[in-house]
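I opened the model today to look up a few local features. My notes follow in the order I made them.

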Amino acid sequence: MITPIQIDSYHYKCKNCYKLHVGPTRTLDFKCVKEQQLESGLERIFEADFLLVCDCDQRIKITFRVREHPESILSYHSYQSSDAELLIEPKVREHTEIVD
């Protein structure tokens with residue numbers, strides 16, 4: 001299951017040069033990697049990769065995890081990266097089209 005989810009308002013630091021970055025608002029295609037039935041309903045964990053090259057030429061990859069529980073309620077779950085340290089967790093929401 002692939003779900004477009006928008007992430008925004010996060011900050012991360014490059015582990016190579018320690019530059020602080022403000023993460024761009026992006027809609028990523030999150031893939032369901034875990035699904036389980038809890039007493040309080042179905043829980044799903046989604047994952048998506050964010051890729052960027054820092055000003056120091058370090059390639060940065062952050063894997064974001066989002067939790068859906070209860071159904072249709074999304075929240076930030078965790079991240080994994082050997083290239084960056086997440087300083088401010090992202091806000092997540094269902095994909096919405098931004099019109100200028």
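I found Tyr 18 in the loop between β2 (11-14) and β3 (20-22); strands here are DSSP runs of E with at least two residues, numbered from the N terminus. Tyr 18 has a positive phi of about 70° although it is not a glycine. I noted Tyr 18 as exposed because its relative accessible area is 57% (buried is under 20%, exposed over 50%, partly exposed in between, with a 1.4 Å probe and protein chains only).

The model is predicted, so local features need pLDDT of at least 70 and side-chain atom pairs pLDDT 80 or more, while totals for chains, interfaces and linings use all residues. Residues are numbered from 1 along each chain as its sequence is written, and side-chain values use heavy atoms, without hydrogens and water.

Next I looked up Asp 57, which lies in the loop between β5 (41-53) and β6. Asp 57 is not a glycine either, yet its phi is positive, about 75°. With a relative accessible area of 65%, Asp 57 is exposed.

I then checked Pro 70, in the loop between β6 (59-68) and β7. The peptide bond from His 69 to Pro 70 is cis, with omega near -10°.

β1 (residues 2-8) and β9 pair over four bridges, and Ile 5 has Glu 94 in β9 as its bridge partner.

Methods: Two strands pair if DSSP finds at least two bridges between them.
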